Amino acid sequence: MTSFDDIKLSNAQIAWRAAQDIEDGAYVNLGIGFPEMVAQYTVEGRTPVFHTENGVLGFGPAPAPGEEDWDLINAGKKAITLKPGAAFFHHADSFAMVRGGHLDVAILGAFQVAENGDLANWSTGKGSIPAVGGAMDLVQSAKRVAVVTDHVTKKGEPKLVDRCSMPLTGVACVTRIYTSLAVVDIEGGHFVLREKLPQLSFDDLQSVTGGELKTDGRIADLAVPTL
Amino acid sequence: MDKTVATLAEAVADISDGATVMIGGFGGSGAPIELIHALIDRRVKGLTVINNNAGNGHVGIASMIENGLVAKMICSFPRSSDPVAFTEAYKSGRLELEVVPQGTLAERIRAAGAGIPAFYTATSYGTELAEGKPVEEFDGKHYVRERWLKADFALIKGELGDPMGNLTYRMAARNFNPIMAMAATKTIAQVSRIVPAGGIDPEQVISPGIFVDTVVEIPNPVQEEVLFREGAVYP
C-alpha cells in the first residue's frame, strides 16, 4: 500500500482548500495548530470573523516580533492582533456563542473520523495525558464542523475509518473532511467523495480509506494552487 | 466601604491547607502571578486548583505544583509549551487530575456563581468524559448533566479596581476572571490601579463589586509569558 506521499497536498494547500468554503461574514473558530492556517487563505472580498475560545471575536494575524502584547492571545496562546470591530468577552459568553449555535463553522484537526461523523482528536488513549480544551464544545454545537487532516497517519494507516478506535471527541458531528488527497462529505452515515487529486483513481483513494467511499456520480478534481 | 488591602500577604492571608482555589487566566493572559507567588510564600498544602491550564515552566501554577501546594488540578488543557511541573507530578501520582471540557468548565463556574446547581449540555455526549453522568433528551438531542463548580477562594487579575470592588479587565485577560469572581466564597483581585469610588464609569464596570471581596494594587504586573521566556523560576 502506498500513501501517495509524492503527490499529496501540503498542510498549507489543505488549509487553502478549506478556506474556499468559508463565506463572507461567517463566524469561524479554527483549532490550535494546523487549522489556524486556514485564516491565511481567506478568499479575497470575503470577511469572516474569527472567534477564539479565550474571549475575542474579530482577531487578525500575529503581530511583528517584539510587538506582542501577552494580554492579547488566541486559544493556542499565540500573540494576535485585532481587526476593526473586534470584541472582548468572558469565557462563559465565549462558550455561550459556541453551545448556543451562533458559530457558523468550526475547523479542527483529527486523529480519526468515522463514516458516521464521529471525531477522535483529543486523546490517543492509554498512557497519554488527557487534554481536551474546547474541542468537545465546538464539535457538538457549531453549525458546520469540518476537519483538515492528512489522509493517512505517518505510518500510512487510514484516518478516515468505519469506526473510531480512539476516544471520541464528539458523536456524528463532522460533515466535511479536507484531506491531503481528497474532499469527503459525511452524509447519511457514509463517506461521500466530492473531490480527489486528479492523479488518483477512485480505487487508489479507496485503498487508503478505512470506510467505504461512496459517490453520487460527480467527482470533481481537487485543484489547489502551489503555495 | 473599603475592600482594598495594602499588601499581597494580607490579600492571601486567609487561604489555608486544603482549600479549593480558582485562579483566573488563560495561559499567562490574565493570570494573577503576583497573588499566586504570594500564596506560594505561605507554603499552604493540599489545595484543589481550578484553572484552564496546569502551569507552564517554573512560575505561577507550575511553581505551585513544583512546591507541593497542589493536591488536585481541575482544568481543560494541562498541556503547555513546558508542562514539566504538571507532567512529573501527575505521572508520579502526587497530583490528581480532573479534565473538563473548556466550555463546561466555564459554565460550571458561572452556574455556581448564579446559584444553578446543575445544567445540561450537548458537550461530551457519547465520550468518556460523560461516563457516569445522567443523560437526558431534549427536542431530539442528547444532553449531559453537569454540576456547578464552587471554590473557597478566587485569585483574579483586573485592570482597574475601586474600593467598592468594581473591576475592569484588559483585552483578552478577561477570560475566566469575571466568572470565577462570582463562584468563590472569597474573591481576591489584583489590579494595576486602584481608583476612588466613581473613578470607573459605571458603564464600563465588568465585575460589579458585589462579586469581589479584596482588592490589592500591583502596578505594572509581570506577564507570565515574559517570565517564562526569561526562564524564570519561582521562588
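Predicted model: local features only at pLDDT ≥ 70, side-chain atom pairs only at ≥ 80, totals over all residues.
Q: Hi! Which ground rules apply here?
A: Local features need pLDDT of at least 70 and side-chain atom pairs count only at pLDDT 80 or more, while totals for chains, interfaces and linings use all residues. Residues are numbered from 1 along each chain as its sequence is written, chains are lettered from A and ligands numbered from 1 in the order in which they are written, and side-chain values use heavy atoms, with hydrogens and water left out.

Q: Thanks! How many residues of chain A are in contact with chain B?
A: 34 residues of chain A touch 46 residues of chain B, where contact means heavy atoms within 4.5 Å.

Q: And what area is buried between them?
A: About 3400 Å², with carbon and sulfur atoms giving 64%; buried area is the accessible area (1.4 Å probe) that two parts lose on being put together, summed over both. On the chain A side, Trp70(A), Asp71(A) and Ile129(A) lose the most, together 22% of what that side buries.

Q: Switching to helices: how do H2(A) and H5(B) cross?
A: The axes of H2(A) (residues 91-99) and H5(B) (residues 102-114) come within 9 Å and cross at roughly 125°. Helices here are DSSP runs (H or I, at least four residues), numbered from the N terminus, and axes are lines fitted to C-alpha atoms over the stretch in contact, with angles from 0 to 180 degrees between N-to-C directions.

Q: Which residues of H2(A) meet H5(B)?
A: His91(A), Ala92(A), Phe95(A) and Arg99(A) do, and their partners in H5(B) include Gln102(B), Glu107(B) and Arg110(B).

Key
Helix = DSSP H or I, 4+ residues; strand = E, 2+ residues; numbered from the N terminus.
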